[in-house]
Amino acid sequence: MKPILDRIREEDVLPQKRAYDVVLPAAAIFVALMFTILLFGITMLYSTSFGTDGTTYLYKQFQWAIVGFAGFFGAIYIGFKRISDWSGWMLIVICILLLIADMSPAVKGAHRWIKIPGVGNIQPSEYAKVILSLFLAKFLSDRARYIDTMPFRKVYVPCLLCCIPVLGLVVAGKDLGTTLLLTTIVVGAMYVAGIRISWFLGPATVILPAGFFYIKYFDSMRWGRMTIFMRPEDYAQGDGYQLYNSLLALGSGGWFGVGFTESRMKMSYLPEAHTDFILSIVGEELGYVALILVMVAYIAFMTCAILIAKNARTRQGMILAFCVGLFIGAQAVINIGVICGAFPTKGMPAPFISYGGSSLVTCLTASGFVLSVALDTVVPDYPDKIREWQKGKWNKFKELFK
């Protein structure tokens, strides 16, 4: 079975005219949306946290944004191909970090964070999203020749065996939401690479009932989340407190909101107002219209990533750009679903908007990889050309002192 997205041709080369007509506009809109959503997020973080914590969270978010942009420009400068060559080792490192996180003290029932003195908390499962995307793109493109001949033995099984340790360690940390998101990345990458979707139905018929049974009888906290979200008003003074106040915030905002910085629910009524539930404050202060615009921006962002993937010059670039668009889009859907009570409460930040260093660094770095795929489509192997140009400039500079 050939790749799903546009069935990349044998010669693996996209016509240059199509690259300029499709990829360049998509990349420009992609970058513009990234900056727009990020600036909006920083603005709302100021509004959400200023009345209770001053500018503490705002300054920290700026610091993480600097780190994230280092990853963004680093991904563009080095190029996704060269970085992907190290993705196997990076996957081993992230497994070690996940193991350390699993042995760290639990926070709200999950082992997600590693505390680093002088830096703060980092969440390895966030970095696992982009590293797993890099690994899958490299692994599946290297084994593309087996897709039509021996897909099960040479592609499907080895790929799952490589990904299971990461998924298992995240499950061990009781971060089920991120496990679901990582699983979506694995299934999505293998599907667009050409693996039959029916091959995932067998494992799903075993894993899903087993997971349901475990949560219902051995994990009372998560079972409560899965049932309370359907009737949060009945548990408004208990486990449904956060969701109930989120719905109050959204309801009190109406179509046009109560005004910027005028939220009442952020004043210690809504827990995690600056992180996972920041879009509830957006709805309260700026109204449903602002929330709809945020959703449109996320949809457009994901669409641009998939357009870049569909028109990528190489199979590896196609898979990588698709994975990034998939996990950022899925994360946005989950976050919005949680704040409005469509999904059980889950600690899933809104991409580029919620406070959180690991999430912001991951999203910015992943966006850099998508832009790298776009540049490689327009200018094949552009990192090598950049280095050749720099080498020529350096040689001319040295000649001035001879």
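## A buried salt bridge

At 0% relative accessibility, E285 counts as buried. This value, like the others below, comes from a predicted model. The side chain of E285 meets that of K266 in a salt bridge, with N and O 3.2 Å apart. E285 belongs to helix α11 (residues 278-310) and K266 to the loop between α10 (241-253) and α11, so the pair ties together parts that are 19 residues apart in sequence. K266 also counts as buried, because its relative accessibility is 6%.

## Other salt bridges

Side chains of opposite charge can pair when their charged atoms come close. Searching the whole structure gives 10 salt bridges. One of them joins the side chains of R82 and D384, at 3.9 Å from N to O. This pair links distant parts of the chain, with R82 in helix α3 (residues 80-84) and D384 in helix α14, 302 residues apart. R82 is partly exposed, at 42% relative accessibility, and D384 is partly exposed at 36%.

D384 also forms a salt bridge with R387, where the closest N and O atoms are 3.5 Å apart. R387 and D384 are three residues apart in helix α14, so about one helical turn separates them. R387 has a relative accessible area of 22% and is therefore partly exposed. Elsewhere, a network of salt bridges links K81, R313, D376 and D381.

## Helix α6

Helix α6 has 22 residues, which should span 32 Å at 1.5 Å a residue; the C-alpha atoms at its ends are 30 Å apart, which agrees. The helix has a kink of about 35 degrees at C163, shortly before the proline P165. C163 is one of the buried residues of α6, and others among them are P151, Y156, P158, C159 and L167.

Most residues other than glycine have a negative phi. K174, which follows α6, has a positive phi, near 60 degrees, and K174 is not a glycine. K174 is found in the loop between α6 (151-172) and α7 (176-193). With 37% relative accessibility, K174 counts as partly exposed.

D381 has a positive phi as well, near 55 degrees, and is a residue other than glycine. The loop that holds D381 runs between α13 (357-378) and α14 (382-399). The relative accessible area of D381 is 31%, so this residue is partly exposed. D381 is also part of the salt-bridge network with K81, R313 and D376.

A disulfide is a covalent bond between the sulfur atoms of two cysteines. Zero disulfides are found in a search of the whole structure. C304 is in no disulfide, and the nearest cysteine sulfur, that of C363, is 16 Å away. C304 counts as buried, with a relative accessibility of 7%.

C323 is buried, at 0% relative accessibility.

## A nonpolar surface patch

Which residues make the nonpolar surface patch of about 800 Å²? They are W86, W89, I92, I96, L99, I100 and M103. M103 lies in helix α4 (residues 87-103). Its relative accessibility is 63%, so M103 counts as exposed.

Conventions. Residues numbered from 1 in each chain as written. Predicted model: local features only at pLDDT ≥ 70, side-chain atom pairs only at ≥ 80, totals over all residues. Heavy atoms only, no water. Patch = residues over 30% accessible without salt bridge, like charges linked within 9 Å, V, L, I, M, F, W, Y side chains within 5 Å. Areas by Shrake-Rupley, 256 points an atom, 1.4 Å probe, with all protein chains shown as cover. Salt bridge = Lys/Arg side-chain N within 4 Å of Asp/Glu carboxyl O. Helix = DSSP H or I, 4+ residues; strand = E, 2+ residues; numbered from the N terminus. Buried < 20%, exposed > 50% of the residue type's maximum accessible area, 1.4 Å probe, protein only. Disulfide = S-S within 2.5 Å. Expected span 1.5 Å × (residues − 1). Bend = angle between axes of the 7 residues up to and from the residue.
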